[in-house]
Amino acid sequence: MTSSSQSCGVCDLRHINKPSIIWCTECDEGLCQDCQEHHSLSKGTRNHNTIAIKEYQTLPSDVLKITQYCNIHNDKFIMYCRKHERPCCRKCIVENHTECLDIDNLEDVIQNVKTSNAFHDIEETLVEVAENLKKISQHQQKNLLNLKEKRKQIEKEIQKTRTTINNHLDKLQEDLIKQLNSIEETQNSKICQLLSSLEQREKEITKYQQNLASIKQHASDLQIFLSLKQIEQDININDKFLQSVVMYEELKQCHLEYRTNIDIQNIMSNIKVLEKCRLKLNHVTSFLAGRRLNKHR
């Protein structure tokens, strides 16, 4: 329809190509300057509604496709069937609408359509829809900001929880290390004391061995006999010391052991996540306006 509106319809029939400057909605064709003058003076067309071609071409493409003539019979629409909600030419009525009772004159149906309640309702509805679309857009923009702020807040809470857990584990580790060091220090002290005693006993035994060798070489039999009693007593003292070492388990090998608390093992196996993040949806439409929306609330 747009291409046909660019040239004068009357001139086209005369095989003359002239640009149209107006569009006659009733003749359903464009007119050039010369044909417009004749059209506005002719008795049959002087009362037709016309608009500038530039304004006509701004109409939506679906509207431009609507014509005054039936695309089946190429006859002008004259009636309107309310049952089928469509305009009809004379042939349409005869062929398809003989049983339809609610058929009106098309001119009566479309008269004052621009000021009709239906047109007004559509205008109001479009205003409401545009306003609600804007409100919904603003609401969703606010949603984005709220999500971002809440995500930051939750991240801080997660970090706080992690820090609390870390601090607690650090304290447990510190106490355990202290306990470990204390056990080592206590056992070291015992072993060092025993080593010191053993060293002293070794010196004594070495001295006895030296004395016994000297006595054997240089002392008389009487001196040897009487000295053996004393040496034997001293050796018995050292022997008792050795027995006491054995009896009181000082000779056992020391091993430090570490066993993980079963609760810690359970934490690692049972706790897979710190917490779950959930999305809570609230159905809010109170900020929207409109009669159509109120029907669905």
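Arginine 201 and glutamate 204 both lie in helix H8, three residues apart, about one turn of the helix; helices here are DSSP runs of H or I of at least four residues, and strands are runs of E of at least two, numbered from the N terminus. The model is predicted, so local features need pLDDT of at least 70 and side-chain atom pairs count only at pLDDT 80 or more, while totals for chains, interfaces and linings use all residues. Residues are numbered from 1 along each chain as its sequence is written, and side-chain values use heavy atoms, with hydrogens and water left out.

The side chains of arginine 201 and glutamate 204 meet in a salt bridge at 3.7 Å, N to O. A salt bridge is a side-chain nitrogen of Lys or Arg within 4 Å of a carboxyl oxygen of Asp or Glu. By this rule the count comes to eight. Another joins arginine 82 to aspartate 104, with the closest N and O atoms 2.5 Å apart. This pair links distant parts of the chain, 22 residues apart: arginine 82 is in the loop between strands S4 (79-81) and S5 (86-88), and aspartate 104 is in strand S6 (residues 103-105).

The largest nonpolar core has ten residues, among them Cys70, Phe77, Cys81 and Leu106. Such a core is a set of buried Ala, Val, Leu, Ile, Met, Phe, Trp, Tyr and Cys residues joined through side-chain atoms within 4.5 Å, where buried means under 20% relative accessible area, exposed over 50% and partly exposed in between (1.4 Å probe, protein chains only). A second, separate core of six residues includes Ile22 and Leu31.
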